[in-house]
Amino acid sequence: QGWVHRVRWESKKLLFIELRDGYGFVQCVLGGELCATVDALELHRESSVAVTGALRRDARAKEGFEVAADYWELVGRSPAEIENVLTHESNPDILLNNRHLVIRGTKASAVLKMRSVITQCFREHFFGAEYTEVCPPTLVNTMCEGGSTLFKFDYFEEPGYLTQSSQMYLETAIAAVGDCFCILPSYRAEKSSTRRHLAEFHHIEAECPFIDFNELMDRVESLVCDVMERVEKKAGPLLKMLNPDFKVPKRPFKRMEYVDALTYCRENDIYKDEETKTHFDFGDDIPEGPERKMTDKIGEPILLNRFPASLKSFYMKKTDDDQRLTESVDLLMPGVGEVVGGSMRIHNEDELLAAYEREGMDPAPYYWFTEQRRYGTCPHGGYGLGLERFCCYVLAQLHVRDVCLYPRYRGRIRP
């Protein structure tokens, strides 16, 4: 039982059906009177059918075997118009408007299956390292990454937001369960329409007590490599179909400080402004284009670290040797760019209160976050990984939209 993926008439009395059931594909052969029916003559792609017959080996079949049908039944008809809904010339809007049909394709369905495998491997990694999975709320009354990307809504006559990150709630959980993680949607009202931005994405976040900055970077590196190894072992053939050149990155990853990245860009003619040939200065954010150009030129994963405090969120711990910098890190992957962002957190209450004041934030809604520093504080750090970007790297997909079931971004809220 399944859906007709392809139909091919060899003659008036010989019909080949490639059947898809969500687990795989099989060729079914209908001959003689089985073809001499109205249902057979009007059979189109995406019709659902039930076929009974003998399974036999045949080297000519794609899977190495086929079903010689003794009986078949049309379960659900698909009209002839299906042949014209999607073509090789269909533009991105048509493909996204008909995403419910696109995901039935060979490549799109394989991507969805691999995304499931990748998510499973993340959980296996965390459980294998004795992390506890927790489920923070996604309807919140605080911001984590700045107000410009907040989705606001009315929450029973109170202001509410869709969460930008579950990090703050994870921080409160470490005193209860130790190392912990979550896999939940996060939301950003991004004005960007690049190939790596979404308004809704799945965020794999973790928080760890009693670690230092070097251990945090070690954990990010371990996570990425271990998950890739698990994925390759669990679903190698499907992975290689989508990304024949896939290789688990070599360890250790290159560690580059922000100031060294500025020097690299200057020495390799990677500019802040291509037209004016303006170089980056200390305190400048390195945007997606130059960042990706640098990463692709280096050609290996980079743990870019020690960013200026002016570029990072209020809760990030400053470095002991230079108060202008933070113990922060971004993992940059060739072809994709930033996949992971993490930092050590401020664990001193007075420092956190000063950070609120510096950012002009009212500390009152964050009392529960602040009190984490009052009742038994400890050095701790964590990170967030964008699942869609990670999938793009592993599966060699150009656009984050292609690894979503139904992507959400500026201008797209249907279907």
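Predicted model: local features only at pLDDT ≥ 70, side-chain atom pairs only at ≥ 80, totals over all residues.
The chain has 415 residues, and 50% of them count as buried. Its secondary structure consists of 12 helices and 16 strands. The C-alpha trace spans about 85 × 55 × 40 Å along its principal axes. Of the contacts with a separation of 6 or more, 64% are between residues 24 or more positions apart.

Eight of the strands belong to an open sheet with mixed pairing, in the order β6-β10-β11-β16-β15-β14-β13-β12. The edges are held by β6 (residues 132-133) and β12 (residues 254-257); each has a single partner strand, so one side of each lacks a neighbour in the sheet. Helix α8, residues 258-267, packs on this sheet and touches β12 and β13, and its direction makes about 90 degrees with that of β12. A further helix, α9 (residues 288-298), lies across β12, β13, β14 and β15, and runs at about 65 degrees to β14. Within the sheet, β15 (residues 337-344) and β16 (residues 380-386) run antiparallel and are joined by 5 bridges.

Next comes a pocket. The second largest pocket has a volume of about 960 Å³. Its lining is made up of 25 residues, and those nearest its centre are Leu86, Leu95, Val102, Gly105 and Ala108. Elements that each supply at least two lining residues are β1 (2-11), α3 (92-97), α4 (99-102) and α5 (106-128). The largest share, 4 residues, comes from α5. Sorted by class, the lining of this pocket holds 9 nonpolar, 8 polar and 8 charged residues.

The peptide bond from Arg251 to Pro252 is cis, with omega near 0 degrees. Another cis peptide bond links Arg414 to Pro415, with omega about -5 degrees; Pro415 is found in the segment after α12.

For Glu130, phi is about 65 degrees. Glu130 is in the loop between α5 and β6 and is exposed, its relative accessible area being 68%. For Glu157, phi is near 70 degrees. This residue belongs to the loop between β8 (151-155) and β9 (158-162). Glu157 has a relative accessible area of 76%, so it counts as exposed, the cut-off being over 50%.

Terms used. Residues numbered from 1 in each chain as written. Heavy atoms only, no water. Pairing = 2+ DSSP bridges. Contact = heavy atoms within 4.5 Å. Axes fitted to C-alpha atoms, helices over the stretch in contact; angles between N-to-C directions. 1 Å grid on protein atoms, 1.4 Å probe; cavity = no way out; pocket = protein on both sides within 12 Å on 5 of 7 lines; lining within 4 Å. Points joined across faces, edges and corners; volume = space filled by probe spheres on them. Nonpolar A, V, L, I, M, F, W, Y, C, P; charged D, E, K, R; others polar. Buried < 20%, exposed > 50% of the residue type's maximum accessible area, 1.4 Å probe, protein only.
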